[in-house]
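I opened the notebook to look up two things.

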Amino acid sequence: MNKDDVILGIKSQLKEEDFPLANLANFLAFIFELPDISWAGVYLHIDGELILGPFQGRPACNRIAPSKGVCGQAFAKKETLRVEDVHAFSGHISCDPGSKSELVIPILVGDRAYGVLDLDSYKEGRFSPEDQIFFEEALKRLNQSLDWVKLIEGLEGAYKPRN
């Protein structure tokens with residue numbers, strides 16, 4: 001699958017479905033089909049933590065503190081982080097020791113962050129500046145059809161904090 005196929009698939013899914021978790025899951029499945037993507041998922045900001053949401057790939061860290069690791073820093077700074085070598089990134093959280101590069105894009109609605117889109121690869125330097133633009137645009141397309149505020153509020157209502 002190539003980037004054009006991913007965009008066509010995402011457009012088609014978003015046009016035919018209005019359930020947010022279905023759209024989010026398929027969005028990630030399309031991305032996971034791209035070459036050299038070892039993990040594609042979201043962490044959602046709930047009760048002060050980034051909690052694992054839908055994903056494609058190997059099991060991952062369940063919780064990440066905001067400002068910790070690549071995901072937490074991208075969330076806290078509200079900016080995309082493209083890391084060519086995660087082992088050289090100070091504070092990197094190794095959920096999968098085989099990961100070598102990472103791209104993390106904050107999920108923003110207005111100026112509020114609701115989580116992050118996290119992409120990993122076993123290939124060092126996998127994510128180019130052009131890839132960053134592509135994935136930021138793909139996330140914007142998803143944001144047009146997915147109400148993050150309503151989704152997060154619904155999940156928070158069902159969430160029982162750990163003691």
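Accessibility first. I call a residue buried under 20% relative accessible area, exposed over 50%, and partly exposed in between (1.4 Å probe, protein chains only). Lysine 140 has 48% relative accessibility, so I noted this residue as partly exposed. Glutamate 137 has 44%, so glutamate 137 is partly exposed too.

Source notes. I am working with a predicted model, where local features need pLDDT of at least 70, side-chain atom pairs count only at pLDDT 80 or more, and totals for chains, interfaces and linings use all residues. Residues are numbered from 1 along each chain as its sequence is written, and side-chain values use heavy atoms, with hydrogens and water left out.

Entry: charged pairs. Side chains of opposite charge can pair when their charged atoms come close. I count a salt bridge when a side-chain nitrogen of Lys or Arg is within 4 Å of a carboxyl oxygen of Asp or Glu. By this rule I get 7 salt bridges.

I looked up lysine 140 again. Lysine 140 makes a salt bridge with glutamate 137, with 3.4 Å between the closest N and O atoms. Both sit in helix 4, 3 residues apart, which is about one turn of the helix. Helices (H or I, at least four residues) and strands (E, at least two) are DSSP runs, numbered from the N terminus.

Next, which residue does lysine 123 meet in a salt bridge? The partner is aspartate 36, at 3.9 Å from N to O. This pair links distant parts of the chain, 87 residues apart. Lysine 123 is in the loop between strand 6 (112-121) and helix 4 (129-145). Aspartate 36 is in the loop between helix 2 (20-32) and strand 1 (39-46). Lysine 123 is at 45% relative accessibility, so I wrote partly exposed.

Are aspartate 131 and arginine 126 buried or exposed? Both are buried. Their side chains form a salt bridge at 3.0 Å, N to O. Lys3 joins Arg126 and Asp131 in a network of salt bridges.

Entry: I found 6 strands in an open sheet, in the order 3-2-1-6-5-4, with antiparallel pairing. Two strands pair if DSSP finds at least two bridges between them. Strand 3 (63-64) and strand 4 (81-83) are at the edges with a single partner strand each, so one side of each has no neighbour in the sheet. Strand 1 and strand 2 (residues 49-57) run antiparallel, joined by 7 bridges. Tryptophan 39 stands opposite glycine 57 in strand 2.
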